[in-house]
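Subject: Structure handover

Hello,

Here is the structure I said I would pass on. Please open it beside this email as you read.

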Amino acid sequence: MDVLLLEKGTFPRDKVCGDGLTPRGVQQLVRMGVDIDAPGWMRTKGMRWVCGGRQVHIDWPRSGSHPDFGLTRSRHDFDDILARHAVAAGARLCLETRATGPLTDRAGRIVGVSAVTGADKQPRTYRAPVVIAADGASARTALAMGLERDRGKPMATAARRYYRSEARTRDPYLELWADLRCSRTGRDLPGYGWIFPLGDGRVNVGLGALPHRGHGTVDLRATMDRWMARMPAHWELREENAESPLRSAALPMGSTGGPSTVAVCSWSATAGAWSVRGAVRASSRPWRRVRSPPRPSPSPCTARRVPGVSRLCTSTRAR
């Protein structure tokens, strides 16, 4: 299969994320042939949940083909590794190429994408028998085809920062705090904080929160400062040990995405594997429109019929 990857940025690049993978995500890396024993990967035994001064450890279970360990690695490295791995397997990678919308045929089926490429944003079109829109929380392609985010679902926000901490960088557990407080009201905050070890002298410290009518919009920086003030001094999670600015991102909770900390990254890897298998199967047989079985009580974000999404895609030919 001839595969063309369109990437709007360059590698390596930073991204707001918790940098953690559960065993489900590790399984996908092993299936792809990524060397998880190479330097830079940090193995984890499970999760440590903290709440009200108490802790509980939950080890990753060995289940089926899933290993009994997770991994951490910064997205700065991780995304670059995946891109280079794809190129080594034969994929063609176009950097600084941003897809701007889907191309459709007369039947409304997606047959490619329009894009702009390079610093001068030259217009291009890319056509392919199968197109996979891995455009993340923006869901640009899905929205262009009529799929709408459920406005009744909340918009979460998350923020993270890297710190140097010799005391925590090799912690075998992903630590999550479930007793966050709103910086303005002091009330319980729907969300959690995390401290994920990277094994290279750094930790990823962040939090994700949902808005609530009791305290309105969340001030992530103030809430994070309040939370981190509760941490022991010997962890050295102080301003002078910060290795990056505080970065945040909006996280739509409807049809377009979810918090990117641990589980979502792993499910994204799994969804990618499913998409590839679907693309291979779709490209090996003639396309035909299939009548979908009726779905009981569709959610608002899927109630509208989306033409052309009866087939997956990877870009293979530029014009």
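Predicted model: local features only at pLDDT ≥ 70, side-chain atom pairs only at ≥ 80, totals over all residues.

H4 provides the largest share, 4 residues. The lining includes Arg-161, Tyr-163, Arg-221, Met-224, Asp-225 and Met-228. Ala-229, Leu-237, Glu-239 and Leu-246 line this pocket too. By class, 6 lining residues are nonpolar and 4 are charged, with no polar ones.

The cores
The largest nonpolar core has 20 residues. Those that touch the most other members are Trp-177, Ile-195, Val-205, Trp-227, Met-228, Met-231 and Leu-237. S11, strand S14 (202-209) and H4 each supply at least two residues of this core. Take Met-231: leaving aside residues up to four places away in sequence, Met-231 touches Trp-177, Ile-195, Val-205 and Leu-237. A second core of 10 residues is separate, and Ile-36, Phe-69, Leu-71 and Ile-81 are among its members.

An open sheet has 3 strands in the order S2-S6-S3, with antiparallel pairing. S2 (20-21) and S3 (42-44) are the edge strands, each pairing on one side only. S2 and S6 (residues 70-72) are joined by 2 bridges. Leu-21 stands opposite Leu-71 in S6. Leu-71 is also part of the second core.

Best wishes

Note on methods:
Residues numbered from 1 in each chain as written. Heavy atoms only, no water. 1 Å grid on protein atoms, 1.4 Å probe; cavity = no way out; pocket = protein on both sides within 12 Å on 5 of 7 lines; lining within 4 Å. Nonpolar A, V, L, I, M, F, W, Y, C, P; charged D, E, K, R; others polar. Core = buried A, V, L, I, M, F, W, Y, C linked by side-chain atoms within 4.5 Å. Buried < 20%, exposed > 50% of the residue type's maximum accessible area, 1.4 Å probe, protein only. Contact = heavy atoms within 4.5 Å. Pairing = 2+ DSSP bridges.
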